[in-house]
Amino acid sequence: MSNTWKSDAMTRRIAARNASERRFRLLGLSAIVLSLLFLALLLFIMLRNGLAGLDWSFLSGSDSTDASAAGIWGAAKGSFLTMVVTLVLSFPMGVLAAIYLEEFAPRNRWVDWVEVSINNLAAVPSIIFGLLGLAVFINMAGMARSSPLVGGLTLALMTMPVIVISGRNAIKAVPPSIRTAAMGVGASPVQVVFHHVLPLALPGILTGTIIGMARALGETAPLLMIGMRAFVATPPGGINDPASVLPMQIFLWSDEIDRGFVQNTSAAIIVLLVFLLAMNGLAIYLRNKFEVRW
């Protein structure tokens, strides 16, 4: 009798566990389907409104007060120059900071405070970085407003904490046996890090960097504070020339009264989505190509 009761109780527990797992899988599938539906709805609306406006004159033109003559090339070039400045500044500094904090920094209150500050900076609203860029780079340093240089510096401040966090996680994922083996054959601590640990952690670092850059590409608030919402009729020739960026161009066109800019806004959103999808696709490719399974 006792064995039968125990068997029935075990059967009920297994059935309850299986039912719970089925509900969890159904909930996860529902969340995925809902997200894909919203994405499909966005793509459908944007393609319906803006696909007709994607022609060579739109892709090669610059901003204009005439909707039929306005183009996206000036903003696209401004976004490219801004992203180059952001990457050149944030990637090496973020990786070096991650290496120091994970491999060389002593364990004390100062380092703990730095780590907490970096984690907090990654969650700070982006407009705060815009105010910081306005105060430091424009008001104090006297740099040119609306330039890709100032925009890149501001976005680098915003992107660097993300790179530091992702870099530390990638470095931490490298097994300690790699370090032990390298030091066992006579490598110095610096050689261990740069010759063995960093190459193995680089795929994860690159993935986090590209995701952070994709986030920076879609930012509007910090660039709004440093004046990159100005009307720029000619593409920028360098990083110090006045420029706009794709998110800001979309913002300006969406505020226009002329109904012709509705098509331009949707077409510009399509171009921005292509940029973002390409960057995220690159991140997935790098992760799959260079990922090492321990």
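**Briefing: cores and helix packing**

The largest nonpolar core has 37 residues, and Ile72, Leu223, Leu246 and Trp253 have the most contacts inside it. This is a predicted model. A second, separate core has 15 residues. Helix 6 (residues 148-172) packs against helix 4 (residues 109-121), and the axes of helix 6 and helix 8 come within 8 Å.

**Nonpolar cores**

- Two or more residues of the 37-residue core come from each of helix 3 (73-104), helix 5 (126-140), helix 6, helix 8 (189-217), helix 10 (246-254) and helix 11 (260-290).
- Helix 11 gives the most to this core, with eight residues.
- Leu246 is in contact with Ile72, Ala75, Ala76, Ser79, Val271, Leu272 and Phe275, leaving aside its neighbours within four places in sequence.
- Ile72, one of those partners, is also listed with Leu246 among the residues with the most contacts inside the core.
- The second core is separate and includes Val95, Ile99, Val174 and Ala182.

**Helix 4 against helix 6**

- The two helices pack at an angle of about 120°, with their axes 8 Å apart.
- Angles over 145 degrees count as roughly antiparallel and 65 to 115 as roughly perpendicular; helix 4 and helix 6 are therefore oblique to each other.
- The crossing of helix 4 and helix 6 is left-handed.
- On the helix 4 side, the contact residues are Glu115, Ile118, Asn119 and Leu121. Helix 6 meets them with Pro161, Val164, Ile165 and Arg168.
- By class, these contact residues are five nonpolar, one polar and two charged.

**Helix 6 against helix 8**

- The axes of helix 6 and helix 8 come within 8 Å and cross at roughly 150°.
- That angle makes helix 6 roughly antiparallel to helix 8.
- The crossing of helix 6 and helix 8 is right-handed.
- Helix 6 contributes Leu155, Met158, Thr159, Val162, Ile163, Ser166, Gly167, Ala170 and Ile171 to the contact.
- From helix 8, the partners include Val197, Ala201, Gly204, Ile205, Gly208, Thr209 and Gly212. Met213, Arg215 and Ala216 are also among them.
- The contact of helix 6 with helix 8 has 11 nonpolar, seven polar and one charged residues.

**Gly186 in the loop**

- Gly186 lies in the loop between helix 7 (176-184) and helix 8.
- Its relative accessible area is 60%, so Gly186 is exposed.
- Gly186 and Ile165 are 21 residues apart along the chain, and their C-alpha atoms are separated by 30 Å.

Definitions and conventions:
Residues are numbered from 1 along each chain as its sequence is written. This is a predicted model: local features need pLDDT of at least 70, side-chain atom pairs count only at pLDDT 80 or more; totals for chains, interfaces and linings use all residues. Side-chain values use heavy atoms; hydrogens and water are left out. Axes are lines fitted to C-alpha atoms, for helices over the stretch in contact, and angles run from 0 to 180 degrees between N-to-C directions. Helices (H or I, at least four residues) and strands (E, at least two) are DSSP runs, numbered from the N terminus. Angles under 35 degrees count as roughly parallel, over 145 as roughly antiparallel, 65 to 115 as roughly perpendicular and the rest as oblique. A crossing is left-handed if the near helix is turned anticlockwise from the far one by less than a right angle, and right-handed if clockwise. Contact means heavy atoms within 4.5 Å. Ala, Val, Leu, Ile, Met, Phe, Trp, Tyr, Cys and Pro count as nonpolar, Asp, Glu, Lys and Arg as charged, and the others, Gly among them, as polar. A nonpolar core is a set of buried Ala, Val, Leu, Ile, Met, Phe, Trp, Tyr and Cys residues joined through side-chain atoms within 4.5 Å. Buried means under 20% relative accessible area, exposed over 50%, partly exposed in between (1.4 Å probe, protein chains only).
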